[in-house]
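Let's take a walk through a protein and look at how its charged side chains pair up. Keep the model open as you read.

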Amino acid sequence: MSMTTTESAGTPAHMQLGERPQGILIVDLGTQYAQLIARRLREAGTWCEIHPPARAMDAAAAMNLAGVVLSGGPASVYAEDAPDVPTGLLELGVPVLGICYGMQWMSRTLGGEVEGSGKREFGHTEIKHTGDGDTLFEKIEAESVVWMSHGDKVVKLPPGFKTLASSETCEFAAVGHAEKQFYGVQFHPEVSHSVRGKELLSNFVLGVCKLPGDWTADSIAEREIAKIKKLVGDTGEVVLGLSGGVDSAVAAVLVHRAIGDRLHCIFVDNGLLRKGERELVETAFRDLVGLDLTTVDARKRFVDGLAGVTDPEKKRKIIGHEFVEVFREEAKRFKNARFLGQGTLYPDVIESVAVHGGNTAVIKSHHNVGGLPEDLDMDLVEPLRELFKDEVREVGRYMGLDERILMRQPFPGPGLAVRIAGDITQERLDLLADADAICTAEIEAAGAHESLWQYFAVLLPVKSVGVMGDLRTYENACALRIVESVDGMTADWGYLDHELLRRISNRIINEVKGINRVVLDISSKPPATIEWE
């Protein structure tokens, strides 16, 4: 492995290169759960894409289409602001599953009737299916609990449809047209509250759509490797930002498998890293991976550039800009470095931009998505851009990455900058790094980390009065952020043993001079985000 140290909006590579896998088009009609539907289909071994109604027909034509899922949504099908869904989706000759609003739209479009239900139905509901051997409910017990969330309901079925399942308050909880293979469910099978919802969606894609279930780690990896080879060609070189986290690590091994030593990894020490991060990354990737790695010491330029900046979006934009400039400078050392590699994930894109062209709100800019300049004279290589975190880890296992790298807790590209609420100074960075190291060390020593997604400290922009040694103090407060999640799209706060929390708090207050108060963040995502900024 080559190790050196120096001072110191392109074209996405997820474009269609080679044959697309056969899969499902998810039409996002305004639901909170479009990405959750996608995850459930992926878990069933099926490729899927999410698109808004306006792009649905073009997407269907471009895909190797096997079926369509119409999502839920907040609108009423008879309202003026209802989504304008193309009726051509029902003329593609493939099975269609409508979920909640999607079922109502399909029923009304095909000649049924939808009305306000009078009595809203939200939460856990018991349904009973007819048991007539329909594929949608295959191997699902006659009675099961589902999650309802609707104010309208179908009151008259279109011609050719029959009832497949009912609840006490919803006669048409699930319906189907066997000949056309059109199905509708009034509940939400994608959420975990629907006990057998995962099986129902699997029945739709594997049983109804007859998909092979071959969206697996090995097929993903081999397809991405082939795409990278075709994009980069026989002489192109890739400069890849390697943070040491699982995303950039998996991206790096995929690119390396595709082009070998024409991959040049750049680890940027931006001064916003966890305590000991630089040494850990250099050692891990020297001993475990064997990549060409250059460490760029850019601490001063990042910290100076963030001086006086308190707005979270501005912080992210500045950090993104500086990263790109470092990569541009490093790329000049290589004759054919026309490509920039990144470990961008699907959740990064979803939170940064309205990726599907719909009305999705921009939650926050990610440094590797929202921070790229329009004049970036490099094409992007982003082999993970359409994957969730759990899929990335499985691909990494297939590629032989060490579990110590695969199971590292996620660390944001902007680093500690988005864990310091307010002004960033070297003094505050040092405080947070010390507090965070204590939090991490105690949780891992207790073995509590195995069930957690992330666990870290956040430095708050407030000071509070304390008493130490009978003397008044007026020092900083820090928060502990401890969450459980599967893919980072949703999360809940993690419960830690009382004594473990006591040890973390006592150590931070006693060992980190400048912090006299520790608080616990017990917010879920949504409504909060995992990172504070």
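Is D390 buried, partly exposed or exposed? With 23% relative accessibility, D390 counts as partly exposed, because buried means under 20% relative accessible area, exposed means over 50%, and partly exposed lies in between (1.4 Å probe, protein chains only).

Before going further, note that this is a predicted model: local features need pLDDT of at least 70, side-chain atom pairs count only at pLDDT 80 or more, and totals for chains, interfaces and linings use all residues. Residues are numbered from 1 along each chain as its sequence is written, and side-chain values use heavy atoms, with hydrogens and water left out.

Now, who does D390 pair with? Its side chain meets that of R39 in a salt bridge, 2.5 Å from N to O; the term means a side-chain nitrogen of Lys or Arg within 4 Å of a carboxyl oxygen of Asp or Glu. This pair ties together distant parts of the chain, with D390 in helix α11 and R39 in helix α1 (residues 34–43), 351 residues apart. Helices here are DSSP runs (H or I, at least four residues), numbered from the N terminus. R39, at 6% relative accessibility, is buried.

Stay in α1 for a moment. R40 and E43 form a salt bridge too, at 3.2 Å from N to O, and they sit about one helical turn from each other because they are three residues apart in the helix. R40 is buried at 14%, while E43 is partly exposed at 34%.

How values were computed. Helices (H or I, at least four residues) and strands (E, at least two) are DSSP runs, numbered from the N terminus.
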